[in-house]
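Here is a short note to read alongside the model.

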There are 2 protein chains.
Amino acid sequence: MSATPSPGRVGDVRRQNLALVLAGIQRNGGATRAQLAAESGLTKASVSSIVADLLESGLVRETYVTRDGERGRPGTGLVLNPARGALAVEINVDYLAVGVLDFAGELTFHETLERHNRGSKPADILPLLVAMAQRAATEAIAAGVELLGGELTVPGLVDTERNVVVAAPNLGWADVELSEELPKILPDAPFGVSLANEAKSAALAELWFGQGADHGTSERFRDFLYISGEVGVGGGLVIESRLFAGPQGHAGEIGHVVVHPDGPLCACGGHGCLETFAGQDAIYSAAGIDPDSTSQQMDQLLSRVAEGDERAVSAVEQAGRYLGIAVASTARVANISAVVLGGHFAVLEEWIAPALRRSLNRHAPGLIPQGNVAFSGLGQTGTLRGAAATSVRRILSRAYELIP
Amino acid sequence: MSATPSPGRVGDVRRQNLALVLAGIQRNGGATRAQLAAESGLTKASVSSIVADLLESGLVRETYVTRDGERGRPGTGLVLNPARGALAVEINVDYLAVGVLDFAGELTFHETLERHNRGSKPADILPLLVAMAQRAATEAIAAGVELLGGELTVPGLVDTERNVVVAAPNLGWADVELSEELPKILPDAPFGVSLANEAKSAALAELWFGQGADHGTSERFRDFLYISGEVGVGGGLVIESRLFAGPQGHAGEIGHVVVHPDGPLCACGGHGCLETFAGQDAIYSAAGIDPDSTSQQMDQLLSRVAEGDERAVSAVEQAGRYLGIAVASTARVANISAVVLGGHFAVLEEWIAPALRRSLNRHAPGLIPQGNVAFSGLGQTGTLRGAAATSVRRILSRAYELIP
């Protein structure tokens with residue numbers, strides 16, 4: 001008797017083979033049954049049987065493909081079914097948002113509602129979210145997309161196993177359990193709605209659709225720090241093309257890296273955190289713009305820096321300087337040499353970037369090569385796309401549940 | 001045909017089974033062949049055949065064991081052979097050291113030579129190290145321990161695959177290749193000598209012999225940051241009882257976390273790094289002790305703080321304060337909630353600890369529970385033990401090379 005792994009129960013083998021075929025279709029949309037067999041090492045008969053199940057489940061569908069250099073009639077390829085999708089729902093400090101991502105990776109619908117959520121109770125926000133989610137689901141159905149699951153992101157630390165928002169200081173939430181609320185967002189979806197951290201979702205969006213994605217030309221980042229600039233400053237570490245979660249799933253919290261020993265009190269209870277210098281409200285205050293006014297502060301800030309207003313420019317440059325310090329520290333700890341900045345940092349790139357580069361050069365010369373400081377091109381929908389794509393991956397990993 | 005893993009070549013299976021049995025002996029010294037069979041899922045015949053090979057290789061030996069609650073004559077158990085061992089060699093800024101660790105985990109010999117190595121060329125240091133290693137090997141042989149391999153630690157970043165010290169700024173070394181020098185340290189050892197970072201070795205010592213080890217009573221740390229206090233300040237992150245290396249193997253470099261935006265120039269080329277406030281020389285200077293004198297600065301510092309000398313106490317407290325900032329930042333990035341301090345931080349625990357705790361409380365309240373700030377009890381030999389134990393593990397992982 002040898003100690004090679006046991007093949008397990010027949011059900012496990014079938015699941016494993018299903019996952020292999022599905023991964024092949026996900027990686028290589030349009031692959032034929034023959035290609036899937038060659039790639040997976042399964043027989044053509046096995047692949048055909050699995051594909052029949054997947055077609056019946058609605059997760060994949062057939063498509064006609066002609067490959068370059070091949071002669072004869074077009075083959076029948078398999079793709080993830082764009083008539084299936086996942087919902088993303090986002091609670092942030094100054095807005096709520098929903099989005100629909102189909103299995104082809106297209107964001108087919110999204111909606112943002114500006115709203116001051118600081119101090120709002122979950123009971124105030126959840127009905128609004130449920131209404132937005134219903135509208136999104138209706139739009140999805142009208143567009144022929146059935147939603148199978150979803151993900152809710154919050155600007156704070158989450159315990160995904162217990163569906164608890166552990167701490168979202170900028171909302172004023174601590175230990176908020178959402179087990180009863182999450183199913184209401186998408187009542188009929190077979191895979192339910194999970195909870196996620198906003199910056200981690202945005203980091204994954206960057207990996208899958210942004211700087212980490214294979215665009216054919218430019219070099220892809222496989223190891224990078226993503227920094228999310230909102231009212232709070234969040235972060236996510238991608239190492240070897242995976243989110244590095246850390247022991248409790250909270251790694252990469254660059255917003256609370258200490259950048260000045262005598263810095264101001266932070267919403268987290270600490271002092272001198274990056275967020276106190278580079279969060280949106282901190283920049284508005286330093287620029288002389290009231291962060292609590294209901295007007296468009298970011299538009300005000302942008303026009304002031306564009307005009308060369310000294311106070312506004314210095315506020316933004318200060319944010320860049322402290323970002324450089326926090327990036328230097330984070331890069332040392334996590335052994336990272338690339339960074340992608342999103343949210344308001346991307347909006348303010350023109351003024352943030354030089355200050356950030358100077359600061360990196362002062363505090364950690366040579367650690368992050370020039371070309372490895374990047375700004376997100378995904379705009380406001382990054383978090384939604386990352387969250388929905390995470391949900392799609394979760395659905396595909398549980399595909400066997402849809403198969404008799 | 002299913003996609004279950006193939007059993008591979010017969011040689012692979014044999015290696016795998018050998019590794020299983022050896023891991024069983026390492027984990028449970030004194031295990032009988034029957035126990036090893038039960039634990040590994042191998043047949044008794046397979047285990048007996050593998051054990052025969054291992055006995056012949058000299059890596060394990062038999063011992064007579066009586067288990068509690070068992071009747072009859074004592075059984076024959078297997079243990080790693082204490083007549084085999086590994087060498088550790090340490091280059092630090094102000095000393096050189098060697099140590100011998102036998103396969104039973106005992107440090108049977110160690111020697112330290114105080115020496116100012118700053119600016120020393122590898123060609124100056126290596127002959128001294130080779131002489132010390134020879135003495136250690138002679139002592140080992142006299143004690144009946146044969147050295148099968150070793151590890152050389154340096155206070156800097158290493159590329160273990162290419163045997164290069166990438167940067168050890170406190171020695172003044174950059175891109176120093178040691179492929180030719182390493183074999184000279186232990187010319188006859190079948191597994192050679194590898195290169196390692198000093199703080200990472202000390203972190204592993206803490207995991208295997210210190211706060212991470214199973215002492216039966218106190219809770220073990222499975223996730224922690226180890227901080228090494230020498231002339232430089234190094235660090236290692238242990239996550240889920242493994243060293244977290246990061247993409248290039250350099251994760252955990254807390255010495256270069258930025259703790260003050262206007263801080264002084266660091267040996268690394270940056271500004272305001274923890275090392276500029278908490279490294280040995282930085283503390284001596286702040287305390288008014290000449291770091292370049294040849295006298296015993298640490299003894300001077302200890303007697304001054306013990307006397308309540310204001311300048312000395314404030315220098316040490318400042319180090320504790322900045323340690324707190326760097327630990328807060330690192331804990332946020334790596335999602336760590338325990339820290340172990342070694343080197344001079346452990347020597348100065350009485351004065352460092354309160355300042356560190358106050359600083360943690362100011363910058364990241366609640367992040368690191370009181371009881372999770374620990375000081376190493378391994379003393380000066382931590383790095384040697386960690387390095388030699390790493391070498392032992394590497395030897396055991398390549399045990400098949402000793403078997404025909």
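What is the mean pLDDT of chain A, and what share of its residues reach 70 or more?

1. Confidence. The mean pLDDT of chain A is 92, and 95% of its residues reach 70 or more. Here pLDDT is the predictor's confidence in each residue, from 0 to 100. The model is predicted: local features need pLDDT of at least 70, side-chain atom pairs count only at pLDDT 80 or more, and totals for chains, interfaces and linings use all residues. Residues are numbered from 1 along each chain as its sequence is written, while chains are lettered from A and ligands numbered from 1 in the order in which they are written. The scores are ipTM 0.92 and pTM 0.92.

2. Over residues 1–9 of chain A, pLDDT stays under 50. The model has 19 contacts beyond four places in sequence for this stretch. Two residues count as in contact if their C-beta atoms, placed from the backbone, lie within 7 Å.

3. Domains. Chain A is assigned domain 1 (10–80), domain 2 (84–202 + 383–402) and domain 3 (216–377). The bounds come from an automatic or database domain assignment. Taken over C-alpha atoms, the centres of domain 1 and domain 3 of chain A are 43 Å apart.

4. Chain A against chain B. The contact takes 47 residues from chain A and 48 residues from chain B. On the chain A side, helix 1 (10–27), helix 10 (310–334) and helix 12 (349–363) are the elements that give two or more residues. Helices (H or I, at least four residues) and strands (E, at least two) are DSSP runs, numbered from the N terminus. Helix 10 of chain A gives the largest share of that side, 7 residues. By class, the chain A side has 21 nonpolar, 21 polar and 5 charged residues. Ala, Val, Leu, Ile, Met, Phe, Trp, Tyr, Cys and Pro count as nonpolar, Asp, Glu, Lys and Arg as charged, and the others, Gly among them, as polar.

5. The sheet of 5 strands. This open sheet of chain A has the order 6-5-4-7-11, with mixed pairing. Two strands pair if DSSP finds at least two bridges between them. Strand 6 (107–114) and strand 11 (193–197) of chain A are the edge strands, and each pairs on one side only. Neighbouring strands are turned by 20° against each other on average, direction ignored. Strand 5 (residues 95–102) and strand 6 of chain A run antiparallel, joined by 7 bridges. A:Val100 stands opposite A:Phe109 in strand 6 of chain A.

6. Axes are lines fitted to C-alpha atoms, for helices over the stretch in contact, and angles run from 0 to 180 degrees between N-to-C directions.

7. The sheet of 3 strands. Chain A also has an open sheet in the order 8-9-10, with antiparallel pairing. Its edge strands are strand 8 (157–159) and strand 10 (173–177) of chain A. Strand 8 and strand 9 (residues 164–168) of chain A pair over 3 bridges. A:Val165, in strand 9 of chain A, is the bridge partner of A:Val158.

8. Helix 6 and helix 13 of chain A. How are they packed? Helix 6 (residues 198–209) and helix 13 (residues 382–397) of chain A pack at about 85°, with axes 7 Å apart. These two helices of chain A are therefore roughly perpendicular to each other, a term for angles of 65 to 115 degrees. Residues in this contact include A:Trp208 and A:Phe209 of helix 6 and A:Arg385 of helix 13. The contact has 7 nonpolar, 5 polar and 3 charged residues.

9. The pair in chain B. Helix 6 (residues 198–209) and helix 13 (residues 382–397) of chain B have axes that come within 7 Å and cross at roughly 85°.

Terms used: Parallel < 35°, antiparallel > 145°, perpendicular 65-115°, else oblique.
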